[in-house]
Amino acid sequence: PKAGRCLDAANNPLLETGVTAAGLQSGRQPPEPARVGCLRGAFHTDKELWRDWIDTRPEWKTQEFRNELSDLVNTLRESGPLKSFAAMQRFCSRHPQAKMSDSRGFYAFRIDTARHRYYLRFFPVKKEYHFYIWCYRTDQLVTGRPEPDYSLVYGPNADKRMRAAVRKARNQNER
């Protein structure tokens with residue numbers, strides 16, 4: 001995978017090979033029309049990984065895509081956060097800037113390749129699913145359109161910022 005903008009590449013070899021902390025502005029997912037599907041999974045034991053696929057556009061699930069996704073997952077399993085549940089917890093704790101502060105407390109990352117974009121959400125707590133990898137075709141992403149600022153919803157002090165944004169919008173509407 002081709003590396004994107006890395007927030008902590010100096011201290012993490014996986015980031016150097018392509019995992020990008022999604023952060024508050026770049027962590028949002030594109031619209032569904034560009035989505036190939038989603039791979040989700042859970043650790044049944046610390047190292048035993050269960051996963052399943054949710055199709056969005058089955059016609060885009062080509063052999064080339066399957067090979068790329070398989071290589072990506074194998075890399076994450078061999079030397080990254082999907083090696084074990086404990087490895088995921090360590091990876092997330094080393095990247096606090098990637099924590100999204102909604103009620104689910106997940107960590108968001110992004111991997112870009114020549115033809116696809118992968119949004120990874122890690123949930124390093126005991127629950128039904130521990131990760132989601134949302135897969136998109138980059139040639140289908142819409143560009144040049146205004147996008148919402150999810151930092152209001154997921155960033156640090158999100159509640160304060162949300163209230164301030166609502167007050168600002170009300171003040172502008174009253175004028």
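The structure holds seven salt bridges, a salt bridge being a side-chain nitrogen of Lys or Arg within 4 Å of a carboxyl oxygen of Asp or Glu. The model is predicted, so local features need pLDDT of at least 70 and side-chain atom pairs count only at pLDDT 80 or more, while totals for chains, interfaces and linings use all residues. Residues are numbered from 1 along each chain as its sequence is written, and side-chain values use heavy atoms, with hydrogens and water left out.

The secondary structure comes to six helices and seven strands. Helices (H or I, at least four residues) and strands (E, at least two) are DSSP runs, numbered from the N terminus. Along the sequence, these elements follow the pattern α-β-α-β-β-α-α-β-β-β-β-α-α. The protein has 175 residues, of which 43% count as buried. Buried means under 20% relative accessible area, exposed means over 50%, and partly exposed lies in between (1.4 Å probe, protein chains only). The accessible areas come from the Shrake-Rupley method with a 1.4 Å probe, and for residues only the protein chains shown count as cover.

Side chains of opposite charge can pair when their charged atoms come close. Arg 115 lies in the loop between strand E5 (106–112) and strand E6 (116–122), whereas Glu 64 lies in helix H3 (residues 63–79), so the pair ties together parts that are 51 residues apart in sequence. Arg 115 is partly exposed at 38% relative accessibility, and Glu 64 is partly exposed with a relative accessible area of 45%. Helix H3 also contains Glu 68, which is partly exposed, with a relative accessible area of 22%. The C-alpha atoms of Glu 68 and Arg 115 are separated by 9.7 Å, the two residues being 47 residues apart along the chain.

A further salt bridge joins Lys 61 to Asp 55, with 3.9 Å between the closest N and O atoms. Lys 61 has a relative accessible area of 22% and is therefore partly exposed; Asp 55, at 39%, is also partly exposed.

Asp 112 and Arg 110 form a salt bridge in which the closest N and O atoms are 2.7 Å apart. Both Asp 112 and Arg 110 are buried. Together with Arg 117, these residues are linked in a network of salt bridges. Ile 111 lies in strand E5 and is buried, with a relative accessible area of 2%. The C-alpha atom of Ile 111 is separated by 9.6 Å from that of Cys 135, 24 residues apart along the chain.

In helix H4 (residues 85–93), the buried residues are Phe 85, Ala 87, Met 88, Phe 91 and Cys 92. Seen down the axis of H4, these residues fall within an arc of 160°, so they line one face of the helix. The arc is that of the directions from the helix axis to the C-beta atoms.

Lys 47, Lys 83, Arg 90 and Arg 94 form a positive surface patch. Patches are made of residues with over 30% relative accessible area and no salt bridge, with like charges joined within 9 Å and nonpolar side chains (Val, Leu, Ile, Met, Phe, Trp, Tyr) within 5 Å. Lys and Arg count as positive and Asp and Glu as negative, while His and the chain ends are not counted. The place of a charge is taken as NZ of Lys, CZ of Arg, CG of Asp or CD of Glu. Lys 47 is found in the loop between strand E2 (35–43) and strand E3 (49–55), and its 55% relative accessibility makes Lys 47 exposed.
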